[in-house]
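Please examine the sequence and the structure shown below. The paragraphs that follow lead through several parts of the fold in turn.

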Amino acid sequence: LTYYLEQIKKNEHLNAFNEVFFYSAAAQAEKVQQKIDAGTAGKLAGMVIGIKDNICYLDHEVTASSKMLEGFVSPYSSTVVKRLLEEDAVIIGRLNCDEFAMGGSNETSYFGHVKNAADHSLVAGGSSGGSAVAVQADMCLSSLGTDTGGSVRQPAAFCGQIGLKPTYGRISRYGIIAYASSFDQVGTITSSVTDTALLLEVLAGADENDSTVSPLAVPEYSKHLHQHKKQKIAVLKETIDSDALDPKVKAAILTSIKDLEDKGHTIEYVSFDMLDYLVPAYYILTAAEASSNLSRYDGVHYGHRNTDATSLTELYKKSRAEGFGEEVKRRILLGTFVLSAGYYDAYYQKAQKVRRLIRERMDVLFEDFDLVLSPVAPTTAFKIGDNMQNPLVMYMADIFTVLPSLSGNPAIALPLGNNEDGLPLSIQFIAKHFDEDKLLAFSEEFL
Ligand code: GLN
């Protein structure tokens, strides 16, 4: 713990932490030490973990990096926090992120952007930017983020780490501040596949507080990591040929494909003709869900309250106008629009249908293949400020990560080393629903 606290101090300028839990972390570390001495310690004994600042932890502040929730202290712990603590992990602090997890660069945070440790002029990625940089700069061993449309995988990719988004329904969302409930999943950022596997086996599994969690038994992922098998891998042709893909990223992926073939895996290029529909469907559906989820922040039930309103309506309006940042407001407006009478069928329902088709297409693919390969992001980490002026550019950069978010499949971002400018490169593998076992064993071999 002392080591990580020193690292946090040394790297303060990166702005990865919204708060360091000095007291509770020290108390937990002491308790765990006693258990280690007594030989009764849990699976994660002593693992120092940072949590994204949208994950509730009893008696700790949680803000979703929004002014709206500044100062809000959680009255209960999320299921994931409970499970971490039960297995004797030490939670070191809460990590910066985009406001309400809406963003792809950690620049929409009320508490300022996070800097990439590889180059301070570059973004960390988002929305779990703090979670990625904290592991990258060794400020904790691993971290939790949430991934609605890439928020764990893309920052992990930009920071050279391993980012897993499990199958929708594998991990409980109880105590996670909701963005888009039918997409949100807790994910892990780590520097080793063993840590990913250990964390997943602790976090996954049924929870009486979240009925969307699958009752399927949780395998001991960490014990199956060495079961290396030859995989049949589909490369989504349109993703590799996409004009948006940076040539250097493309070159790294092609080299990696060649290595996979040399190792005896079967590679097949398959056509995926739905690429153009991914980003629109994702943003229509997530904005709709967000506009509904965020209606609870009215200055009365929760959140920032304006002090000079003279009527209830004015109180709602002013509190929300002051509490939310620009990107969150944009999503609420977009979401309210696509759900409104007259537009519901044309946008929301249409997007639901597209989502169903995407899911079916993926299911068909997994009848023939073990894994699907694509890039994580079109580029390496970009300059701070570059994409902030144009939300559409920012949204389009999610093109490869939103596919498994729409279909609910598990997906992992794996590091491919650095390019010649020293910037982390990455590749994405997607598996069948609940095939994390296969995905992790493959990842272990791949790295
Ligand atoms: N960039 C995407 C968005 O803004 C993904 C965010 C996320 O996964 N939380 O919606």
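In which helix is the place of R331? This residue belongs to helix 11 of what is a predicted model. R331 is buried, because 26 other C-beta atoms lie within 10 Å, and a count of 20 or more is what burial requires. Leaving out residues up to four places away in sequence, R331 touches M102, A287, A290 and S291. Its C-alpha atom is separated by 30 Å from that of K432, a residue 101 positions away along the chain.

Several of these contacts belong to a helix pair. Two packed helices are described by the angle between their axes and by the distance between those axes. Here helix 9 (residues 275–293) packs with helix 11 (residues 326–339) at an angle of about 100°, and the axes are 7 Å apart. Angles of 65 to 115 degrees count as roughly perpendicular, and helix 9 and helix 11 therefore stand roughly perpendicular to each other. On the side of helix 9, the contact is made by I284, A287, A288, A290 and S291; helix 11 contributes R331, I332, L334, G335, T336, V338 and L339. By class, the residues of this contact comprise eight nonpolar, three polar and one charged.

The annotated positions come next. An unreviewed UniProt entry lists K52, S127 and S151 under "active site". These positions span 100 residues in sequence, yet no two of their C-alpha atoms are more than 10.8 Å apart, so they gather at one spot.

K52 is located in strand 2 (residues 48–52). With 31 other C-beta atoms within 10 Å, K52 is buried. Apart from residues up to four places away in sequence, K52 touches L95, C97, S128, G130, S131, L144, G145 and T146.

S151, by contrast, is found in a loop, between strand 6 (142–147) and helix 5 (153–158). S151 also counts as buried, because it has 36 C-beta neighbours inside 10 Å. Its contacts, with residues up to four places away in sequence again set aside, are A101, G126, S127, S128, G145 and T146. One of these is S127, itself a position listed by UniProt under "active site".

A shell of 14 residues surrounds the ligand, and the closest are A101, G104, T148, G149 and S151. This shell divides into three nonpolar, nine polar and two charged residues.

The buried residues are V193, D195, T196, A197, L198, L199, L200, E201, V202 and L203. They pack against helix 3 (79–86), strand 6, strand 7 (162–165), strand 8 (185–190) and helix 15 (436–446). Just after helix 6, G205 adopts a positive phi of about 110°.

Finally, Q428 lies in strand 13 (residues 424–431). This residue counts as buried, with 28 C-beta neighbours inside 10 Å. Q428 and L164 are 264 residues apart in sequence, while their C-alpha atoms are 9.7 Å apart in space. Beyond its neighbours within four places in sequence, Q428 is in contact with R153, S374, P375, V376, F400, A411, I412 and A413.

Methods. Residues are numbered from 1 along each chain as its sequence is written. This is a predicted model: local features need pLDDT of at least 70, side-chain atom pairs count only at pLDDT 80 or more; totals for chains, interfaces and linings use all residues. UniProt positions are given in the numbering used here, feature names are shortened, and annotations may be inferred rather than shown by experiment. Helices (H or I, at least four residues) and strands (E, at least two) are DSSP runs, numbered from the N terminus. A residue is buried if 20 or more other C-beta atoms lie within 10 Å of its own, exposed if 12 or fewer, and partly exposed in between; C-beta atoms are placed from the backbone. Two residues are in contact if their C-beta atoms, placed from the backbone, lie within 7 Å. Axes are lines fitted to C-alpha atoms, for helices over the stretch in contact, and angles run from 0 to 180 degrees between N-to-C directions. Angles under 35 degrees count as roughly parallel, over 145 as roughly antiparallel, 65 to 115 as roughly perpendicular and the rest as oblique. Ala, Val, Leu, Ile, Met, Phe, Trp, Tyr, Cys and Pro count as nonpolar, Asp, Glu, Lys and Arg as charged, and the others, Gly among them, as polar. A residue is near a molecule or strand if its C-beta atom, placed from the backbone, lies within 6 Å of it.
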